[in-house]
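Student: I would like to learn how to read the contacts in a model. Could we go through one together?

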There are 2 protein chains.
Amino acid sequence: MLQQHGFAGRLYPVNPKYQQLQGLTVYPAIGDVPGPVDLALVAVPAPAVVGVLEGCAAAGVRCALILSSGFAESGPAGQQLQAQVADVCARTGLRVNGPNAEGVYYPGAGVCATFSPALDPQHGFPAPAPAGPVAVVSQSGGLGFAILNQGRELGLGFGAVVSTGNEVDLGWLDYVDWLLDDPGIRVILGFLEGFRRADRLRAVAAKAARLKKPIVVAKIGRSEAGRRAAASHTGSLVGSDAIYSAAFAELGILRVDDVDEMLDVAAYFCVGRLPAGRRLAVLTTSGGAGAWLADACASRGFSLPPPSPADQAEVASFIPAYGSTGNPVDITAQAVFGGGFERALGRLARAPEFDAVVGVGSMVREDRFLQSLPDLRAAVDGASSALAFYSYTRPSRTITDTLASLGIPCYTSPLRAARALAAAAGYAEFLARCAALEPPIDQPRRLWPSPGGRLGEQAARAYLEPLGIPSPPGCLATSADEAVAHWAALGQRPVALKAHLPSLVHKTEVGGVRLGLQTAEHVRAAFEAITANVERAGVGPLAGVLVQQMAPPGGLELLLAARRDPILGPFVVVGLGGEHVEALGDVALRLAPLTPAGVEAMLDDLRGVALLRRPRSGRAWDLAALNAAIVRMGELAAGLPPEVLDVEINPLLVLPAGQGLLLLDAAVDVAC
Amino acid sequence: MLQQHGFAGRLYPVNPKYQQLQGLTVYPAIGDVPGPVDLALVAVPAPAVVGVLEGCAAAGVRCALILSSGFAESGPAGQQLQAQVADVCARTGLRVNGPNAEGVYYPGAGVCATFSPALDPQHGFPAPAPAGPVAVVSQSGGLGFAILNQGRELGLGFGAVVSTGNEVDLGWLDYVDWLLDDPGIRVILGFLEGFRRADRLRAVAAKAARLKKPIVVAKIGRSEAGRRAAASHTGSLVGSDAIYSAAFAELGILRVDDVDEMLDVAAYFCVGRLPAGRRLAVLTTSGGAGAWLADACASRGFSLPPPSPADQAEVASFIPAYGSTGNPVDITAQAVFGGGFERALGRLARAPEFDAVVGVGSMVREDRFLQSLPDLRAAVDGASSALAFYSYTRPSRTITDTLASLGIPCYTSPLRAARALAAAAGYAEFLARCAALEPPIDQPRRLWPSPGGRLGEQAARAYLEPLGIPSPPGCLATSADEAVAHWAALGQRPVALKAHLPSLVHKTEVGGVRLGLQTAEHVRAAFEAITANVERAGVGPLAGVLVQQMAPPGGLELLLAARRDPILGPFVVVGLGGEHVEALGDVALRLAPLTPAGVEAMLDDLRGVALLRRPRSGRAWDLAALNAAIVRMGELAAGLPPEVLDVEINPLLVLPAGQGLLLLDAAVDVAC
């Protein structure tokens, strides 16, 4: 493979049994190789690998790529072998790819150090191939090279494919970091089963943002079955999925769900221009196809304003009456013959009303296309917009290659075009956000004390006091008389009674809560009922009953929590619906700590954000207090002792502007 | 085109200028044609069409296909011409396709009556082609034939493509109805901009369900831009989109959003078996690809239970230690060489634990595939499951064609495989639901009286009394003293005060509502405040203030409405969140009338259905009362006078089981 792909350096086969191999001298051991060795390709049975690596290190080899399987992925004995490999790395400074890897393809240096059939000239790969702008870093070797195989069909050029294997030494982030520095690489595609370490994630993402090189990632583990498979396949920890989506979004890493999506987005970044916004013009020769594309784009956040009156008049001058000068601009198949498509494209691509123009047509007739190519060039030359095409017939490769050379990616379905364009617009928005970002919080983190165990409402309230979120006034009562006295002391206003229970027992579900009590009799009866209910439920001794003033009616209930992912670390959760947050599933997540701007973006992720931003009553909520509380919760999350799994305030009541927040219930969970 | 596609009947060119055309005798007028004519293809300028049609009718021609443009799609003059065409149809009984159509392809009879380049042998179409099982009925001619063009690339065979044009006579549903009777057609693909009439939609859908022939539809108009384009393109009415999704789901019409999705689903129905449920086994040779597919399927409602212990032991006997016998079953690339894939497939495809098995691998090496083909045949022969493959490399066409002949559709991405399989499972569920369905409600509809104009809360409450949903007791007060007296008469319990305003003014937003008033002073102050607010807002005279007992705390707030779509007719809306329903956007729709089973399915469509079905308090809601109320609302919707646009109860309060419902507010809107 190395020879066929044009590797120009020296190759030294090492094997004790042979003396010649494909015209090369074979050496019995790595120590016998005459020259300096940059990379050793190790393909010996697993038990022999450690010895070979020791030999490599002793011979001054700098890197080794272990193709052999039989390590952590194959049970306890293999795990032990892998630990020995790690030990060699740590001891000798040898850098290792794999084990259990499928190798590396790096055509810029003629390196095809893999046994993947996807690159085998015998199976049709045209080697040597020029290096292209797309890099793939994959934790699955099979898929990594399959991405190359499918991408080539779409006309993508690849500059690197790395199978990372078990990542005993070099990990996914190391390769991405290195490839970002390669001036020929413009976009990095990743397939991830799970990070082994993510401590450098922020730094690598920040570097990619500085270089404006998008990282496009498929990460499995969205489902329980996917997580199980990833864990069993790689032996790595796979955390909950939602925090990955949130972290990727925050760091500008584009998460995709399918290989088509990944390749379409890559094609956009290789070929197209980033749109400066989401104002889109659709120019079509088929009414139906144009409307379909408009639907697909509009559902991904694009607006389709009308062209200027002057542009509409211009277009109207050369299209038939049954066309449309609105948006979509439907010039009809008839106007194509007179060069109408290129003429309209030239106008729209220069119009300040639009950030992007998508041309819709049939890109199949090469003769016609070549005839109108000079007009197309002229239309594209002065464009201020991003451009893309959607061909509703299977397009000619000659046409799509020519379009690519003009900076126009061409897609074969409305979804594919819209999805790629939306990814490009989202990336442009991310870059703009980065540039405008507040400096990251980097003050020394306040470390919080250990809670000393799981905490129920009362203790959690005390633990969270430094957050500065008040609770309605209340007092613990140990008898019905005391409860009534507290009620009187609270001004005889409506109160809630809540069982004070150990740790995390759900008070409501055992009948330990009574709300809206307005008379002494009601308070007394509620106290009796609660003590009876708790006794019947058998959930442990009742330390007392909290008599608490009712919160004012009409506040908005949220959940606010600090949690910890085993890989990505601490994060903050905000959910709409208070007690109903689980049923509604409307939550937003962000890595901790958080900036005020990050909090606003987080709130915008909530489906029901309108409840917060545009209250029906017309009176604004105290969003300033909410923002401050979430930022403080982020600080708390970042400083939590490692045994704390979850700090949850639920409900957190948001009051009208100027009135702040109220903590109505809270709990702290720790690892057992 | 007709000749090249092997049309075996007689062709009579009609044109006054020529005498011979491509070896055929040309006749000066339709009346001069010697034999009976089944179909006239009309391609003359629009103004000449009506005369030609008159001639056709007089000559006994049965049908005409009008390719000419220049009718309703092109402005007032064209609309008039189209009205004349309609008149000819009505007067003479001539049946017409089009005008402004791209023609019809029906290879079973050798009919290629279209000018579409997609079927032109000059541009590579291999004519004549055998008739396949896929039919396309499209309101966009360009897209209809483009679907054929793209589908052929995926190996689909087409039995009909119909461009319906302006549908002056025959409409989309007519063609679908007719094609359902064609024994060679197994699946119908539709591209819809908007129905002109939908009165036969239920009947055609029911016929398709009886015949078990799926209808797969892309309907544009999901976005405002798409609706605008569809309206301007076809001149037809395009209603709101959500009711189309709901109606299609209810009637078993599969709605798709993209052409890839449409073709993938069609391929499944042409080739694959319907899964009896959603228990899925994934069998893979690449851990990463298998996990990715598992994710894609799990997110579409499939479960991935483990194989039986016996099957796991069997698989374990021939795979390496780093494989997995769980689900996904990862036999690894190594076990492929010993025939492990076919062996495992045979076990899993027979296992009673699974309804479907997806095989994941690289379907590119024809030599290897053909070698193992006998084993694959054996594995497939005894299968009780539905089968599909996902090839993570671009598959060989020979392999996919062979797989298709074995009943195995093969897809090229996790999303494409999962999406098609989910559509098949959903269709199987629909067919099962159909079989178990209660007989459709067909009793004479009760016609409701006209409301006589828009109705605010008080009047709407009276209008809706026959629904039998009680309201909290209350009385209208015209002075503060009267309000206090009413409060006293209601037992001095907490009350709400609500301005009684004309028609649809939003009471809350003008400060016309006060809740939870507990004392005479509070009631008096609230009355004064409301009258002052209403006066300040200038929203018309205040007829009084409703003094109403507060609803008991803790109920669940819903919205329940009856609305009317201009094309699909009356439907019912249920939304979660009461006043917040708009911000939450959690609504379910169904065509009216509704059966109790339909109501349950409707509630299951709500994102927050868990709030209804599994209340946090542990006490069940009165879902029986809710179901009955929604069924009654469906009867009301079906019997509403045509001027009523919207009947809305919001909030509708659901109380704990046995306690029924409470109507808290309502309004009726009519067309002006």
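Student: How many residue pairs are in polar contact between chain B and chain A?

Tutor: A polar contact is a pair of N or O atoms within 3.5 Å; within protein, one must be able to donate a hydrogen and the other to accept it, and residues adjacent in sequence count only if both atoms are side-chain atoms. Between chain B and chain A there are 18 such residue pairs, both residues being at pLDDT 80 or more. This is a predicted model, where local features need pLDDT of at least 70, side-chain atom pairs count only at pLDDT 80 or more, and totals for chains, interfaces and linings use all residues. Residues are numbered from 1 along each chain as its sequence is written, chains are lettered from A and ligands numbered from 1 in the order in which they are written, and side-chain values use heavy atoms, leaving out hydrogens and water.

Student: Which salt bridge has Arg416(B) as a partner?

Tutor: A salt bridge is a side-chain nitrogen of Lys or Arg within 4 Å of a carboxyl oxygen of Asp or Glu. Arg416(B) pairs with Asp260(A), with 3.7 Å between the closest N and O atoms. The two chains share two salt bridges.

Student: What is the area buried between chain B and chain A?

Tutor: Interface size is often given as the accessible area lost when the parts come together. Here about 6,000 Å² is buried (accessible area, 1.4 Å probe, lost on putting the two parts together and summed over both), and carbon and sulfur atoms give 58% of that area. Chain B and chain A each bring 70 residues to the contact, meaning heavy atoms within 4.5 Å.
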